[in-house]
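Reader: I'm new to this one, could you walk me through it? I'll ask as I go along.

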Amino acid sequence: MSVVPSPRPFSESSPLTRRIAAVVVVFYAVFTILPLAWIGATAFKSQADAIAYPPKVFFTPTLEGFVDLFTVQTHQSRDFIAKLPPPQTWYEKIARDRDMVIAGPSRVVERFLNSLIIGFGSTILATFLGTLAAYGFSRFRVPLADDLLFFILSTRMMPPIAVAVPIYMMYRWLGLYDTRIGMILLYTAVNVSLAVWLLKGFIDEIPREYEEAALVDGYTRLQAFRKVVLPQAVTGIAATAIFCLIFSWNEYAFNLLLTSSDAQTMPPFIPFIIGEGGQNWPAVAAATTLFLLPIVIFTIALRKHLLRGITFGAVRK
Amino acid sequence: MAEIRVERLHKEFQGFVAVQNSSFVVEDRSFFVMLGPSGCGKTTTLRMIAGLELPTDGRILLDGKDVTFKRASGRDIAFVFQLFALYPHMNVRRNIAFPLVSMGMKRAEVKTRVEEAARILRITDLLDRPVSGLSGGDRQRVALGRAIVRRPMAFMMDEPLGALDSELRDVMCGELRGLHDRLKATTVYVTHDQTEAMSLGDKIAVMSHGVIEQLGTPREVYDRPASVFVADFIGSPPMNLLTFNDSLEPGRGSVRVGQAEIGIPAPREALTKRDLILGVRPEHVRLSDGARLRGEVFGTEYLGTTQIVTITTAHGMAKARLAANLKVSIGDAVGLEFRPDRISLFDAGTGQAIRTALYDHAQAVEHAHV
């Protein structure tokens with residue numbers, strides 16, 4: 001790919017200003033990325049290296065953290081381990097070297113799957129409902145539209161945790177406690193207000209003439225929506241989806257309260273990864289690294305849309 | 001192709017009357033222009049015919065069939081929007097093909113039809129370009145292509161030249177008329193530009209406040225305005241309107257405007273003494289030292305071949321279109337003479353034209369709205 005110089009720079013700035021700007025940007029980028037890099041590095045440290053003081057920047061990388069994360073182990077005496085048959089796999093060997101015996105897989109895969117299902121499930125549902133509702137509010141004369149929109153927004157005015165106890169009791173009664181569907185519904189309910197408001201802005205900016213043209217061209221309202229409005233709202237939908245996913249992916253408090261085992265996601269799981277004699281920091285770091293990946297991939301995949309999306313359609317022609 | 005018949009069409013938006021009991025017929029294969037200032041209800045009428053808006057009352061018949069409440073997609077009408085409404089996520093070819101795809105037409109036939117439409121509009125070389133890079137004129141042609149490709153019963157055009165600069169507008173105006181002459185498609189065209197209306201329309205409906213003030217050929221509308229509104233709206237500069245007070249009798253071929261006795265076409269009705277308005281086009285005004293109607297030159301506007309001279313009189317401002325070489329200076333006291341057979345008379349109370357010999361062959365002096 002060749003780099004085409006833009007015909008007109010955004011602003012005429014001197015080389016010096018630009019160099020200072022570059023330094024500031026690089027400094028800020030390093031500052032922001034440092035904690036993430038440190039977490040990534042810690043994931044490959046041994047427990048001793050992870051808590052060493054002064055902190056170790058250079059260390060021998062090991063997969064101990066990941067092995068600890070994915071397995072349940074028990075501490076055994078040297079004599080007992082010596083009597084066992086030799087380790088069959090590389091991860092058994094890593095455990096045995098520290099006088100540990102792998103008792104079985106941990107529940108991390110299950111937690112991670114829960115995060116994916118609940119996170120993406122609620123994102124898809126919230127974006128889908130939000131798009132339809134936003135289209136309705138944008139295009140049709142809805143009775144009490146302003147009041148309804150305010151009502152939808154008002155669900156976000158109270159800190160969600162303030163209603164945690166009623167929701168807990170309601171979920172118990174409805175049988176939604178500790179279910180994935182319960183968590184998906186809850187996150188959808190929280191996200192849909194954001195989705196409606198964001199998307200209404202985007203759809204308002206799409207001129208009605210496009211749909212009217214499609215209507216006289218022989219299409220039904222729904223076909224016009226699908227073939228003409230949706231392709232033009234893609235930017236807004238992508239931006240909305242990312243915001244929704246970030247919320248439901250990171251949500252901690254409700255998941256902690258409303259699940260016990262089956263529907264637990266990663267955020268409440270990670271702090272309880274405890275090893276021998278305290279917090280197992282490499283395992284926590286390994287979990288955090290894995291936890292970050294889907295959101296990073298999703299955001300990168302949609303970044304083209306996000307960049308245009310966060311300017312709220314201001315750059316539309 | 002089809003005839004469009006609109007009967008007592010009425011539209012209210014939350015108490016605001018946009019269109020008031022309009023009735024008219026757009027003849028098959030004719031070019032019908034709705035002309036009026038913004039907010040006069042012309043676009044609303046057009047949208048109701050297309051099915052984008054539902055009327056509060058009245059009926060719309062398309063080719064003899066009642067389509068008043070039929071959805072837009074079922075009417076077989078093409079609509080050209082002011083801002084073209086080309087789908088930005090499709091290229092020119094897909095834009096033009098879009099109405100055909102909805103009909104479930106075979107791909108090969110779609111291709112033939114699209115290329116045929118492109119040939120008619122001379123945009124064949126643009127077919128595979130995205131619409132975002134096109135010039136105003138080309139966008140307009142693509143929008144027309146999308147309309148003609150389906151061979152619909154009628155075309156609706158909502159100020160299709162409004163977004164173009166004036167030079168291009170003249171070119172496209174000629175192209176539109178040429179296209180209509182070739183396709184002979186029933187067309188309803190909305191505009192606020194009287195030049196466009198005059199040069200394009202077979203018939204013009206002049207609208208104001210939701211009411212059709214006059215419906216007629218461009219010539220009728222210009223020569224025999226049915227109301228003060230039409231007289232004042234059509235023409236550049238518009239018709240001169242002088243107020244006076246007199247009575248009318250069928251036998252008497254003149255009226256008294258102040259001190260002056262002014263010849264008029266023979267009235268066809270008798271009116272008691274009342275406030276009247278005399279209307280005369282600037283090109284039918286002459287300066288004459290001997291004339292009894294006096295005025296003072298207020299300003300002149302030089303236009304090359306002619307000049308427009310503005311004169312203040314006791315009965316209102318008058319403009320005269322005079323030869324450019326005539327010497328006139330501001331402040332000159334002048335006499336005014338009008339061409340008697342081209343004078344219109346209006347009742348100041350109702351604003352409607354009074355029947356005279358000039359209006360004998362006019363069809364539309366009676367109210368266009370029932």
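Reader: Into which domains is chain A divided?

Author: Chain A is divided into domain 1, residues 47-106, and domain 2, residues 109-309, with bounds that come from an automatic or database domain assignment. Please keep in mind that this is a predicted model, in which local features need pLDDT of at least 70, side-chain atom pairs count only at pLDDT 80 or more, and totals for chains, interfaces and linings use all residues. Residues are numbered from 1 along each chain as its sequence is written, while chains are lettered from A and ligands numbered from 1 in the order in which they are written.

Reader: What separates the centres of those two domains, in Å?

Author: Taken over C-alpha atoms, the centres of domain 1 and domain 2 of chain A are separated by 38 Å. The contact between them takes 9 residues from domain 1 of chain A and 10 residues from domain 2 of chain A, where two residues are in contact if their C-beta atoms, placed from the backbone, lie within 7 Å.

Reader: Which elements give two or more residues to the domain 1 side of chain A that touches domain 2?

Author: Those elements are α2 and α3 of chain A, and the largest share of that side, 5 residues, comes from α3(A). Helices (H or I, at least four residues) and strands (E, at least two) are DSSP runs, numbered from the N terminus.

Reader: And what kinds of residues are on that side of domain 1 of chain A?

Author: The side of domain 1 of chain A that touches domain 2 of chain A divides into 4 nonpolar, 3 polar and 2 charged residues. Here Ala, Val, Leu, Ile, Met, Phe, Trp, Tyr, Cys and Pro count as nonpolar, Asp, Glu, Lys and Arg as charged, and the others, Gly among them, as polar.

Reader: Changing topic, what kind of peptide bond joins A:Y53 and A:P54?

Author: That bond is cis, with omega at about -5 degrees, and A:P54 sits in the loop between α2 (47-50) and α3 (64-70) of chain A. In chain B, the peptide bond from B:S236 to B:P237 is cis, with omega near -5 degrees, and B:P237 lies in the loop between α8 (228-233) and β11 (240-248).
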